[in-house]
Amino acid sequence: MRTSVVGLGLVALAVGCAAPAAAQGLFTDARRIGMGGVSIGRSGSVRRFNPAYRAVPARTGLEAQPKLTIPLPLGLIQFFSDHPISQLGHDPTFSPDSAAFNPVQALDYVLNPPLFYEVKQAPTPTNDVTFGIGKNFLQVNLGQASELVPEDEFGLGSSTRLLDPGFDVKGVRVSVMTWLHTEAGFQLGNTLLAFLHDSVPAQDNTRYNVLTDGIVEAGFAPTLGYAGRVWGDTATGIYLGGALHYYLGVGYAKFTGDGGFITGPIIFGGTNPVTPDGSGLTQYSKPGHKLGHGVGGDIGIAWISGPLELGFGVNDIGATITWPDTRQDSAYYRDSTVAGTGSPLGYSKPFANHVETKTKLPVSYVANLAYTIGTTTLAADLVNNGRGTTLHLGGEKRLGLVALRGGVSRDQRKRLEFGWGGGVRLGGVSLDLGFWTHSNSLSNERAITMATSLSIY
Amino acid sequence: MNAKCFGVALLVALAVGCGEGRAIFNVDVHSFLFGTGRDTVPYLVPASTTLDTSSVQHINLPGAGSSIVDTVHAIGGVTFLNASGLGTIRFQIYVAADSLGTYNASALAVSVPAPPAGPAPVPGPPVGLDADFSNAVNSVFTQSDLWVRLVAQVSAAAGLPMQGKMVLDSLRLRIVIRDKIF
């Protein structure tokens, strides 16, 4: 176990620095990527989060939104060229038993899926890392890489609506929405944070820990919604939208844990310098149990005034799901063989069964602004999907059949990212190219992704 | 690769695996010996004889999986307290992954001559150590178990037997890991 002492913390480091960035979102549309992620049309984040936009007429002509956008995954071609699919199960890069195993590379693929081609890879920190070791002394100096150690809670998460089939009658919509909520969070304990971030020497008889929590829940929601213009005409008008959801939860699992290790009386005095321990509480309601239930809603407003439009939408207001048949287990682990006082002890035992628990879907919102003058459209949006706010600013200039695009965004790491690109439209088809800087890798420097997509109008 | 190695493998990967940075382990070997009595090597060597006397110490390291050790540099010093006899003394360090291995000739990491020893002055001048270890022993430092044998190689001149002790004053190892780890 001793070899994993520092490794444990560095695992946290690896995930921590990359995870917030990954939550910037994975776009598959090169047009949007070329504008820094902003939605200038009446689609994308705007339509997803603002129910009023269901009533706003679609743009026409060259400003029209495509009916279908197909990403051209050049990154996957590169990926499968490097890692043949027939040998993926034995690929040395992903096999821990291989001398060529590279967990950092594998982690990057998870946090930054190789859908598009990486024009510029983000360099990983190249400074020296120094370890000081004595009989009762352990210190790690990560150098510049210590800046990547997350000081606050970090994690991954999303609240997704996969499908929403239904029908509309005069603005009233009846549908059944499917929903999925996932979150995973980590928080370094103070001692571990100081050890990794501030190079504070490890103390004997001290606990170093990471707090973790995670949830996965999914279900469907019969929905009654309305969207319509409440004032004005198609040129200038105000649109309102709302939806009432009756959430039915098919299943969920939640985990909260506290894991780490305790240093011995003398850190390197015995055969094992640390004693691992951990505890946690799991609670779950499997599919097949009684369905969870809850009520929540969405509201939105959009104001269209000629070339200018403003919108604001909020989702999952008050969406608390009550799960009537939940099982709770407590888990505990402590390796007493290290202290010489017993054998490894690990167990998971029922804590409570058939109990009622509650979960809450995160409230998400979007605020958007777009202005079209001649052949130029400028737009901005502010999106919060429950795990931080992302700001996008971008625009598009159409020159005949050619479009030039540019944009900037502020991601959840509070870093500026830049997008640029263009496209050519030939009749009902356009081929688009977009470049986007991102900070989804184990680095403080940006990488550049080149996205390509084909849109059909 | 077991779970333990995975942790350190990831650690070292973060440190150097994907870049050109190095992982540097500064190990205070003396701290493991101090207070155990093993930092002192007493010797008693008959006249006209060469004899090794030594002490062996186990040291825990974090381990570095399949890493490549570039260099191991030692800085330290010993003092010889020669009570009687004349001759020459060498200070030697052997390292291996187990205690028996430290008795193999191939485990010799460094050998430092001391000034010719005599009964006076007592103690003799300190013998400084500032040298790279033999590359042949580099791989040992990727292990989590390191055994170190401190040797006083004493060659007694004709006449009286040499008697005294070698005291380790300090010993620090700087282990540099470089190159791609995985």
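Reply: Ser48(B) counts as exposed because its relative accessibility is 56%, and the cut-offs are over 50% for exposed, under 20% for buried and partly exposed in between, using a 1.4 Å probe and protein chains only. Bear in mind that this is a predicted model, where local features need pLDDT of at least 70, side-chain atom pairs count only at pLDDT 80 or more, and totals for chains, interfaces and linings use all residues. For bookkeeping, residues are numbered from 1 along each chain as its sequence is written, chains are lettered from A and ligands numbered from 1 in the order in which they are written, and side-chain values use heavy atoms, leaving out hydrogens and water.

Back to the serine. Ser48(B) sits in the loop between β2 (40-45) and β3 of chain B; strands here are DSSP runs of E with at least two residues, helices are runs of H or I with at least four, and numbering starts at the N terminus. The backbone of Ser48(B) has a positive phi of about 60°, although the residue is not a glycine. Most residues other than glycine have a negative phi.

Now follow the chain out of that loop. Strand β3 (50-60) is an edge strand, pairing on one side only, and β6 (108-113) of chain B is the other edge. The open sheet they belong to has four strands in the order β3-β8-β5-β6, with antiparallel pairing; two strands pair if DSSP finds at least two bridges between them. Strands of a sheet pair through backbone hydrogen bonds, either parallel or antiparallel. From one strand to the next, the twist averages 15°, taken between axes that are lines fitted to C-alpha atoms, with angles running from 0 to 180 degrees between N-to-C directions.

Inside that sheet, β5 (residues 87-96) and β8 (residues 145-156) of chain B run antiparallel and are joined by ten bridges. One example to find on screen: Ile89(B) has Val154(B) as its bridge partner in β8(B).

The side chains are worth a look too. Arg149(B) lies over the face of Tyr94(B), 4.5 Å from the ring centre, and also over the face of Tyr103(B), at 4.1 Å. To count, CZ of Arg or NZ of Lys must be within 6 Å of the ring centre and within 35 degrees of the ring normal.

For comparison, hop over to chain A. His354(A) is another non-glycine residue with a positive phi, near 60°. This histidine, though, lies in strand β14 (residues 344-360) of chain A. His354(A) counts as exposed, with 58% relative accessibility.

Finally, the rings. Over all chains there are ten aromatic pairs, meaning Phe, Tyr or Trp rings (the six-membered one for Trp) with centres within 6.5 Å, called stacked with planes under 30 degrees apart, edge-to-face over 60 and tilted for the rest. Among them, Trp420(A) and Phe435(A) are stacked, at 5.7 Å centre to centre and 15° between the planes. Trp420(A) is in β19 (residues 416-426) and Phe435(A) in β20 (residues 429-438) of chain A, so this pair ties together parts 15 residues apart in sequence. Trp420(A) is partly exposed at 36% relative accessible area, while Phe435(A) is buried at 18%. In chain B, Phe133(B) and Phe141(B) have ring centres 6.1 Å apart and planes at 50°, so that pair is tilted. Both Phe133(B) and Phe141(B) are buried.
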